[in-house]
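Subject: Structure handover

Hello,

Here is the structure we talked about. Please open it first, then read my notes below.

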Amino acid sequence: MSWGTELWDQFDNLEKHTQWGIDILEKYIKFVKERTEIELSYAKQLRNLSKKYQPKKNSKEEEEYKYTACKAFLSTLNELNDYAGQHEVISENMTSQITVDLVRYVQELKQERKSNFHDGRKAQQHIETCWKQLESSKRRFERDCKEADRAQQYFEKMDADINVTKADVEKARQQAQMRQQMAEDSKADYSLILQRFNQEQWEYYHTHIPNIFQKIQEMEERRIVRIGESMKTYAEVDRQVIPIIGKCLDGIVKAAESIDQKNDSQLVVEAYKSGFEPPGDIEFEDYTQPMKRTVSDNSLSSSKEGKPELKFGGKSRGKLWPFIKKNKGVTPEDFSNFPPEQRRKKLQQKVDDLNKEIQKETDQRDAITKMKDVYLKNPQMGDPASLDHKLAEVTQNIEKLRLEAHKFEAWLAEVEGRLPARSEQARRQSGLYDGQTHQTVTNCAQDRESSPDGSYTEEQSQESEHKVLATDFDDEFDDEEPLPAIGTCKALYTFEGQNEGTISVVEGETLSVIEEDKGDGWTRIRRNEDEEGYVPTSYVEVYLDKNAKGAKTYI
């Protein structure tokens with residue numbers, strides 16, 4: 001099946017059909033473009049939805065996410081954000097793998113089609129020119145034949161007329177012979193042109209047109225194959241993200257399965273437990289006698305000495321403690337307006353926060369000290385004196401935070417001494433916080449003496465001791481050999497290292513890690529064994545070698 005033999009007389013229809021094929025291809029390109037725009041818009045809406053329902057930092061809403069159901073919802077929001085990212089991937093891949101290639105291919109296809117049909121029109125014009133020459137030769141031959149016939153008849157008429165002179169007859173005879181010769185020449189010319197036209201026509205319909213139409217057919221078939229391949233790519237782009245989308249959905253299911261109703265119920269108890277014991281029975285007394293009530297040792301009426309007993313009647317009528325209105329004024333610094341258990345939790349949280357701040361400031365001080373030592377050993381990296389002001393400021397902040405922590409620890413010890421007996425382990429855990437500090441933070445509750453109001457003293461335990469960790473920083477720089485690499489890192493963003501001791505990195509660059517983040521937010525890296533410095537840890541993605549010396553294992 002060939003268009004050159006089957007459609008030899010359908011030049012115009014083939015021209016329309018191939019143009020229609022290009023229109024179809026452009027329509028498909030437009031379809032894919034709109035799909036990519038929809039994917040981007042959908043991804044943006046999903047990201048905005050996830051961001052809208054994320055808990056606001058340092059707000060009450062963030063505290064609610066300690067419950068497993070809220071944690072599961074937060075995981076769902078994070079997975080939804082990743083889910084949106086896959087739709088962005090679909091858009092990017094469709095643009096790069098389909099739209100861009102097809103747009104370029106359409107331009108090439110239009111140029112090829114134009115060239116083929118130009119050759120076809122050129123062949124048509126040539127055969128039409130040959131046809132016109134043949135027609136002209138044919139008409140000339142016909143005209144010469146008629147003129148020769150008329151000249152012959154005129155000669156015969158003159159020859160038969162006795163009144164005509166011999167000269168006139170001779171003249172008519174010569175005219176007839178001349179016309180006859182012209183007719184013979186026209187006949188020969190017509191015959192030659194006819195043979196030439198037939199040859200051109202045969203080549204036109206059996207060689208030129210079949211070759212041109214064959215090229216057009218191959219062009220059209222390539223277009224059909226190309227649009228089919230694009231449709232397969234369209235499906236594959238979607239198929240490639242299905243496993244990752246499946247993982248996102250699995251993450252949501254896993255988060256849902258992690259919801260623990262018993263744990264959430266216990267958290268409610270811990271959040272709202274007052275620490276009071278229910279009030280005792282009220283004794284029946286005569287109306288003429290002041291009513292007395294038995295109260296627990298931990299009720300509000302006994303929490304302060306010298307307070308009169310609660311009575312019914314009179315202007316100073318009392319109320320049972322569960323119905324006492326909360327003070328809506330400013331919360332005291334020691335949280336004394338909270339019930340004992342809630343006050344203990346608030347104080348414990350405050351102590352933990354202060355200890356974390358102390359740890360952070362201590363790490364920052366150590367980092368500055370280390371950098372100062374680096375400058376002392378390598379003056380070309382920076383001026384050690386430039387760090388003295390910052391070091392003094394951080395040291396002053398540490399002292400302020402320690403004094404603040406001691407104050408809250410004293411209040412915490414007072415509250416714990418008045419609460420009902422708690423297990424020794426629970427008391428010890430209340431004074432601990434995560435992480436190791438370089439300086440000992442002493443709990444002043446351990447030094448308090450027993451007081452008449454029931455406060456307690458507790459022996460110092462090994463769990464609450466924070467020993468100073470020795471650093472081998474000086475030993476690290478005594479050796480002239482470069483530090484060994486403990487892993488690699490990839491720059492997530494471009495960082496311009498303008499300060500002394502820092503190093504510039506370019507997004508996507510891979511470098512060696514020679515010292516991981518010590519809590520100060522800086523990671524030490526090396527480039528090409530001769531250039532090293534510090535970069536913000538948040539600017540790089542670190543891959544530590546577990547077998548390297550000094551590398552930590554993160555779980």
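Glutamine 201 is partly exposed, because its relative accessible area is 30%, and values between 20% and 50% are classed that way. This residue lies in helix α5. Histidine 126 is 75 residues away from glutamine 201 in sequence. In space, their C-alpha atoms are 9.7 Å apart. Please keep in mind that this is a predicted model.

**Helix packing**

Helix α5 covers residues 166-257, and helix α2 covers residues 11-52. Their axes come within 11 Å. The crossing angle is roughly 15°. Angles under 35 degrees count as roughly parallel, so α2 is roughly parallel to α5. The crossing of α2 past α5 is left-handed. What classes of residue make up the contact of α2 with α5? There are 15 nonpolar residues, four polar ones and four charged ones.

Next, α2 with helix α4, which spans residues 68-160. These two pack with their axes 8 Å apart. The angle is about 165°. Angles over 145 degrees count as roughly antiparallel, so that is how α2 runs relative to α4. Here too α2 makes a left-handed crossing, passing α4. The contact of α2 with α4 holds 25 nonpolar, 13 polar and ten charged residues.

**Aromatic pairs**

How many aromatic pairs are there? The count comes to 13. Two of the pairs are described here.

Phenylalanine 31 sits in helix α2 and tyrosine 234 in helix α5. The pair links distant parts of the chain, 203 residues apart. Are these two residues buried or exposed? Phenylalanine 31 is partly exposed, because its relative accessibility is 41%. Tyrosine 234 has a relative accessible area of 18%, so it counts as buried. The cut-off for buried is under 20%.

Another pair is phenylalanine 495 with tryptophan 522. The centres are 6.4 Å apart, with 70° between the planes. That pair is edge-to-face. Phenylalanine 495 lies in the loop between β1 (487-491) and β2 (510-515). Tryptophan 522 belongs to strand β3, residues 522-527. The pair therefore ties together parts that are 27 residues apart in sequence. Phenylalanine 495 is buried, at 13% relative accessible area. Tryptophan 522 is partly exposed, at 29%.

Both residues also belong to an aromatic cluster, formed by Tyr493, Phe495, Trp522 and Tyr539.

**A charge over a ring**

Which ring does the charged end of arginine 226 sit over? The ring is that of tyrosine 105. The charged end is 4.6 Å from the ring centre.

**A strand residue**

Valine 542 is found in strand β5, residues 540-544. This valine is partly exposed, with a relative accessibility of 31%. Cysteine 489 is 53 residues from valine 542 along the chain. Their C-alpha atoms are separated by 4.3 Å.

**Where to look**

Start with helix α2, which packs against α5 and against α4. Then turn to the aromatic cluster that includes Phe495 and Trp522. Finish with valine 542 in β5.

Best wishes

Technical notes. Residues numbered from 1 in each chain as written. Predicted model: local features only at pLDDT ≥ 70, side-chain atom pairs only at ≥ 80, totals over all residues. Heavy atoms only, no water. Axes fitted to C-alpha atoms, helices over the stretch in contact; angles between N-to-C directions. Helix = DSSP H or I, 4+ residues; strand = E, 2+ residues; numbered from the N terminus. Parallel < 35°, antiparallel > 145°, perpendicular 65-115°, else oblique. Left-handed = near helix turned anticlockwise from the far one by under 90°. Nonpolar A, V, L, I, M, F, W, Y, C, P; charged D, E, K, R; others polar. Phe/Tyr/Trp six-rings, centres within 6.5 Å; stacked < 30°, edge-to-face > 60°. Buried < 20%, exposed > 50% of the residue type's maximum accessible area, 1.4 Å probe, protein only. Lys NZ or Arg CZ within 6 Å of the ring centre and 35° of its normal.
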